[in-house]
Amino acid sequence: MTAYRAFGNEATKQALRADIRAKGPVYTAWLTQASMEGDLTSISQDYGLHPALARLLPALGAFGQGDEALAFYDALLEAIPVGAETGNIARRAVLLAWTDPIYGRAQRVEAGPVREACEAVIALVRQSMATSVDRQTWRAARARLAQAQREGSAPDKVIDLVLSLAWDLEQAPGAVQDAMVAWTAQLSAEADAADEDPFTDAEAAFFKSTMDRITEEIIATRSNESDGDDFNYEAFLEEANRRWAVDPVAQPLKLRSLARQTRIKARLAQWRSVVQKKVVDDATTLVV
Amino acid sequence: MSLLKVTTVDRFEDDVLSSSIPVLVDFHAAWCGPCKASVPALEDAAREFEGEIAFVKVDIDQEPKLAEAYGVQSVPTFILIKDREPVERFIGQVSRGKLASVLEPYAGGSQ
């Protein structure tokens, strides 16, 4: 177990909460999309938060896509006592990806060797909360699961998620981010498949071909103009939206697609809210 | 110190083709977000498989001949080379789980 102790003192804790509430420099570097590529070592060093928790929180807050996560972050940091060890908050949070009665993946894997191999990984995650699990044991668990998957069948994305859980978070804390990204992708795909207004195959093909055509037209137009360096992503989107809007056949599909994305985001927000509440509740049980 | 070694066309023979252990080659570009986002997972995998699998990086803009020789059309592209031959190939941002499932059969001289 590592020696990370939360915050170090009350003033540091309150300064961090204030930065996040104001979406200050720590928030921007840590809890937004920037964290995907960034080194979060300083978060653990400066604030005593376990590296796995530091990696978990951006993913659990949708990488700053909206402001909904600000209240969660504030409540969580408030709940974590100064001096607490926070690695097991991260471990218990990612375990939900398997165990949660509504959103967990356990219910997506049928009984058999693959499920047994998944459960062996989950048992190791639980064991690692109390004692160190050596590298060869983690590796053997991953190898068993990969072998079971080759010989049996289970959704690849579920296997990828469980393989992401099978790492020593003292050595590879970023594995929690992998697990959260994989879990999000699966829930997003499920929400898409269950949506109330799906595209037919023909509509989906037409939508994709229109999107490809518009993209190629914009690229071709811009490559013939001299100010290409000023054409950023926002300008590209604006131009693409203009072209969709003037196409009477494609535009209704575009509007349906946007509505579907809104519904999927709402479902994901609901899931995040459930997990966030469980993480905050967990933090309130920490003792120093 | 990073275990991800940067290689070039001049060093490719020594770093990759003549290696006594399998080598995962990461074809990447400086402007590629998914390439940068893959680095932490690659660093962790490089530590996990140290001495069993080597990890090298090839910047496709600096080394276009290598990218062309291996048919790299998008980044990141990962190619595992063993005994001078590509044995695994995958594209896109990688997770530790994906790296483990692909690389572990080749670790420890098991294949």
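I call a residue buried under 20% relative accessible area, exposed over 50% and partly exposed in between, with a 1.4 Å probe and protein chains only. Helices (H or I, at least four residues) and strands (E, at least two) are DSSP runs that I number from the N terminus. The model is predicted, so to speak of local features I need pLDDT of at least 70 and for side-chain atom pairs 80 or more, while totals for chains, interfaces and linings use all residues. Residues are numbered from 1 along each chain as its sequence is written, chains are lettered from A and ligands numbered from 1 in the order in which they are written, and side-chain values use heavy atoms, with hydrogens and water left out.

**Entry 1, the strand.** I looked up strand 4 of chain B, residues 77-82, and found 6 of its 6 residues buried. Both faces are covered, with T77(B), I79(B) and I81(B) on one side and F78(B), L80(B) and K82(B) on the other.

I then asked which strands pair with it, taking at least two DSSP bridges between two strands as pairing. Strand 2 of chain B (residues 23-28) runs antiparallel to strand 4 and is joined to it by 5 bridges, and V23(B) stands opposite I81(B). Strand 5 of chain B (residues 85-91) is also antiparallel to strand 4, with 6 bridges, and here I81(B) stands opposite P86(B). Strands 4 and 5 of chain B form a hairpin with 2 residues between them, and in the turn I noted D83(B), whose phi is positive at about 50°.

**Entry 2, the interface.** Counting contact as heavy atoms within 4.5 Å, I found 16 residues of chain A touching 18 residues of chain B. The buried area, which is the accessible area (1.4 Å probe) that two parts lose on being put together, summed over both, is about 1500 Å² for chains A and B, 48% of it on carbon and sulfur atoms. Of the area that chain A buries against chain B, E37(A), R139(A) and W167(A) supply 36%, more than any other three residues.

For salt bridges I required a side-chain nitrogen of Lys or Arg within 4 Å of a carboxyl oxygen of Asp or Glu, and the count between the two chains is 5. One of them joins the side chains of E52(B) and R139(A), at 2.8 Å from N to O. On the side of chain A that touches chain B, helix 3 (34-37), helix 9 (135-151), helix 10 (156-165) and helix 11 (175-193) each supply at least two residues, and the largest share, 5 residues, comes from helix 9 of chain A.
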